[in-house]
Amino acid sequence: MGRYVVRRLLQMIPVFIGATLLIFLMVNVMGDPIAGLCGERRCDPATAARLEREFGLDKPVWQQYLTYMGNVFTGDFGTAFNGQEVTELMSTAFPVTIRLTLIAILFEIVIGVTLGVVTGLRRGRPVDTGVLLLTLVVISVPTFVTGLLLQLLLGVKWGWIRPSVSSEAPFDELILPGLVLASVSLAYVTRLTRTSIAENRRSDYVRTAIAKGLPRHRVVVRHLLRNSLIPVVTFIGADIGFLMGGAIVTERIFNIHGVGYQLYQGILRQNTQTVVGFVTVLVLVFLVANLVVDLLYAVLDPRIRYA
Amino acid sequence: MRGATHVKWAACAMAVALAATACGGDGDGGGSDAGAVLSASWGDPQNPLEPSNTNEVQGGKVLDMIFRGLKRYDPETGEAKDMLAERIETSDSQNFTVTVKDGWTFSNGEKVTAQSFVDAWNYGASLRNNQRNAYFFAYIEGYDQVHPEEGEQTADTLSGLKVTGDLTFTVKLTQKFSTFPDTLGYNAFAPLPRAFFDDHDAWVKKPVGNGPYLVDSYTRGSQMSLRRWDDYPGPDKAQNGGVDLKVYTDNNTAYTDLMAGNLDLVDDVPAAQLKNVKNDLGDRYLNTPAGIIQTLAFPFYDDAWNKPGSEKVRKGLSMAIDRGQITDTIFQKTRTPATDWTSPVLGEDGGYRAGLCGEACEYKPDEARKLIEEGGGLPGGRVTITFNADTGSHREWVNAVCNSINNALDDERACTANPVGTFADFRNEITDRKMTGPFRAGWQMDYPLIQNFLQPLYYTDASSNDGKWSNREFDDLVDRANQEADTAKAVGLFQQAEEVVRDNMAAIPLWYQNGSAGWSERLSDVKLNPFSVPVYEQIKVS
Amino acid sequence: MPDHQHEPERAIAGTGMGGTMDLGVDEAETLEKRPGVPDGRGPQEPPRSLWSDAWRDLRRNPVFIVSALVILFLLFISLWPSAIASGSPLKCDLSKAQQGSRSGHPFGFDGQGCDVYTRTVYGARTSVAVGVLATLGVAVLGSVLGALAGFFGGVWDSVLSRITDVFFAIPVVLGGLVLLSVITSNTVWPVIGFIVLLGWPQISRIARGSVITAKQNDYVQAARALGASTSRLMLRHIAPNAVAPVIVVATIALGTYIALEATLSYLGVGLKPPSVSWGIDISAASPYIRNAPHALLWPSGALAVTVLAFIMLGDAVRDALDPKLR
């Protein structure tokens, strides 16, 4: 187990370097940020040149990357163009997005798994077909359409919720955005669980358990569900990274000042430091989440162990 | 507690929206509460909030609340009136003596003196400080040493600024500039306390000024809370307890929040909602002229747009745009078709002249077609209008302008909208001279003078002459106008220069932009100044 | 709908944008499995019978028939939009802006006064082109790289797998914003290229997994022992067995790519005029949702139906191709 974890951690290093380099190059392709910095009026050449030097933009890209990564390892993520430390931006943005992601994942687990179990146990019945169709519809409508519609209906027409999220972003205000963010993944979780349950229902150990005369809910929860959750856990684990980085659309619609918002602003202003910094953290989250998921396998399925 | 208020306001907003009935306050029937705080929409300022570093509206809003300069533009007329200036005297339009009023302090107790201004201006001009508004000090003697075009600066202070007493200083300009005192209402000329220089980082985190509001707390990128400064010495004390500025990425969301009762004031109603404003807000909506004009600039560095006869093509394009229909339909009359290159807020005396553009700004499809043909046709038979898609409601009107041109020329592929993803990249393409056709050019005045609508935009190599238009005759007229001590004569010369712009169609004027604002039941006395910024200190909250 | 009882299985999980769902197989070499652990793939049958069985299944599956008909119709109007829409999608009259439906204009007009019906019909071409071409690109690039990694193993596998991880780790929408914000071309190619660039890892992992599984089969070992060349092994023995999961995931991914194009347009970096696409129309109409909901409804509806058709087709194909469910 320990050796396996060490090996995985070592493998993360090239992936981490590759991903940050890739995003660094991509942001650099976007071009010179100085012009946007100066607004509708162009900066005089002297100021532009000074700004360029100050942000290290006059150096070749590889050198910028090395300097940047060197700083990152000492905990210095650089300064955004508005003079703010990127770490400071992160300290306000990440808590919000983590809350949002938690809510989204909670929805996935509670609603997705429940629907999946229900449909998996009642295959072919009207409830199954109905839920299946619903998930298809959810998957096929783009998130921003769902988000705008729900915001208009629940927030303005019926006045049930705040249409946007205040800057403190407490949990209760994030419920609808969390649901919108989770919607597509929710549909996938439902379908995954359903498949998995249906598959395992025919397996020997379930049959044995039923034959032993165990009560039905015990069979479902202890035996069937536990084994059926493996693919679901994989999916949700990978989804954490996607939800945190993919919240750009949701955060924009509901005016949430989280990671997606900072990334969007960073991109609009071609602010290399902000974008690369945030993506670096997201890549780390993604890698760690994947590792945790793999370790969870062993917990869920005792047949698997790591050498 | 907070939650409860939301629900109540949501209910009120709904009742208004559905039944168009008024929704009373807490039973006190709308009496104003001088301690109440209002919330208003805001955008995240791009640069640190230093006065000489803020060149966009969002940062300008805050500066307007926490700073008062020598002059202040009257919120209604736009006229430059003395604020901290006791008097500004000159005998030759080149050497000015400024006397600062006694009794003003910064909110941290420091006295506002002549030194506060001179220090601030020196800071703003110095190349070392990377201030975006440095060029505002370019007329002052010694600027070329403090801010050379290239190389290191050879001086730290402007030689044209001299403190002559506790409250007096002199300004020496490099050339005659008769309206110089009127430019001093611009934020870049605000005074700065010692605290700014002593602990700059702390100041930027929580700016200290001398205006009617104090910064109470500031969470970058999300919210700024401003509170009334009770000891404010000026005449324009805040009528409310304070303002919470909330950052919105999308002005549609801000408007939605206003309707749901989570926000008190929106100062940029999105184009898409203009049609609903009457229904949603009734008379809690304001639409007043502002010093903003939208134009289409041309890349004069591209020979295709700068050859003999292409002024006819430009004029033809101008006549192919049905401004009236676009401002009616897309903007619901919150823009007015432009008939000159300035703005109605200048007033007739200030240099605005309705109809100066003549028939070149009227929709005449047949003549448009003829003119374009005479001028040699569109370069390559096509024209693209470039704009940035990330801010404002530009996409809608650019599409409409293109459709109008296509309909007039009877060729549905004659004009194409060309969105650029980000403002930063849009500016890049402009500074790198990559434009191949007309592009969006908006101008929001810095100060209400006709000079500000012409010189920065059309003078050879001026800071915002994005199309690189250059014309000797125009430059001469502007130079002469600047030296003219008599205001009326100066305005006359500027108008002559404007006629040169017209005859060459250096840029197509589209429309004058109004400022628009919508507010909640709690507010009254909401006004917008000629810069389309709400006059926060006059708003009353009940 | 009897065939809905056939279970979608983990292949569907491969469609989450940026997610890694292909469980277990990726780290197969590090997993010490005891006998009897289901590896997600059933015993292999000779390719011919697999495909012909699948086809027999599909022909009787109403879900397949309905979605195939919808897709055929979409292909038809993509190629000949003028067959059912006489006007031009670029002909707009501002004086008709936001008006509702009336005779000759069944879907009404959008904010610019363009005919919504005509634009919806013409939008199909772009959306289908983006979906189909991007999927082809993703499938080819992904399966080639995945198969190389799976077949050769060792260093090849390590390097390619790490590269896959790198691309997986970049959030898709973010990558789109960054890369597409500077593109000035108004064709569909940048959008397609971007999807291929960030989409291939998904297919690559699946292809790698199924190649590894197929490689271990007895008949492959036998062919190898008989001295079959590498290319012959790959093309004749492994590819036919490994391609099924790729097809399934690709069909479903196709739908998500079409939806992704709309999201990119919403963020202002998608296709550009004079392209006519559902994404452009949906994002243009979304601010006007209160005044002209029809301008949003029709292109969104068309998009949803298209995505739905491709996902259902993929579902049906997967059910038919999975011998375990037969």
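Helices (H or I, at least four residues) and strands (E, at least two) are DSSP runs, numbered from the N terminus. Counted that way, chain A has 13 helices and one strand. Welcome to a predicted model, in which local features need pLDDT of at least 70 and side-chain atom pairs count only at pLDDT 80 or more, while totals for chains, interfaces and linings use all residues. Residues are numbered from 1 along each chain as its sequence is written, and chains are lettered from A and ligands numbered from 1 in the order in which they are written.

**Chain A as a whole**

- Along the sequence, chain A reads α-α-α-α-α-α-α-α-α-α-α-α-α-β.
- Taken along the principal axes, the box filled by the C-alpha atoms of chain A is roughly 85 × 55 × 30 Å.
- Of its 307 residues, 51% count as buried, a label for residues with 20 or more other C-beta atoms within 10 Å of their own, where exposed means 12 or fewer, partly exposed lies in between, and C-beta atoms are placed from the backbone.
- Two residues are in contact if their C-beta atoms, placed from the backbone, lie within 7 Å; of the contacts in chain A with a separation of 6 or more, 74% are between residues 24 or more positions apart.

**Helices to look at in chain A**

- Helix α1 (residues 2-29) of chain A spans 41 Å from its first C-alpha to its last over 28 residues, close to the 40 Å expected at 1.5 Å a residue; the expected span is 1.5 Å times one less than the number of residues.
- The buried residues of α1(A) include Met12(A), Val15(A), Ile23(A) and Phe24(A).
- Their cover includes α4 (61-73) and α13 (272-300) of chain A, together with α4 (154-169) and α5 (172-180) of chain C.
- Helix α8 (residues 175-201) of chain A has 27 residues, but its end C-alpha atoms are only 34 Å apart, short of the 39 Å that a straight helix would reach.
- A kink of about 55 degrees in α8(A) is centred on Ser183(A), the bend at a residue being the angle between axes fitted to the seven residues ending there and the seven starting there.
- α8(A) is mostly covered, with 23 of its 27 residues buried.
- Ile210(A) sits in helix α9 (residues 204-211) of chain A, and Ile210(A) counts as partly exposed because it has 15 C-beta neighbours inside 10 Å.

**Where chain A touches chain B**

- Contacts link 45 residues of chain A with 48 residues of chain B.
- On the chain A side, α3(A) gives the most, with six residues.
- That side of chain A divides into 18 nonpolar, 17 polar and ten charged residues; Ala, Val, Leu, Ile, Met, Phe, Trp, Tyr, Cys and Pro count as nonpolar, Asp, Glu, Lys and Arg as charged, and the others, Gly among them, as polar.

**Chain C**

- Chain C comes to ten helices and one strand, in the order β-α-α-α-α-α-α-α-α-α-α.
- Buried residues make up 57% of the 326 residues in chain C.
- The axes of helix α2 (residues 62-79) and helix α3 (residues 116-152) of chain C come within 8 Å and cross at roughly 105 degrees; axes are lines fitted to C-alpha atoms, for helices over the stretch in contact, and angles run from 0 to 180 degrees between N-to-C directions.
- The contact between them involves Leu74(C), Leu75(C), Ile77(C) and Ser78(C) of α2(C), and Val121(C), Ala124(C), Arg125(C) and Val128(C) of α3(C).
- The residues of this contact divide into six nonpolar, one polar and one charged.
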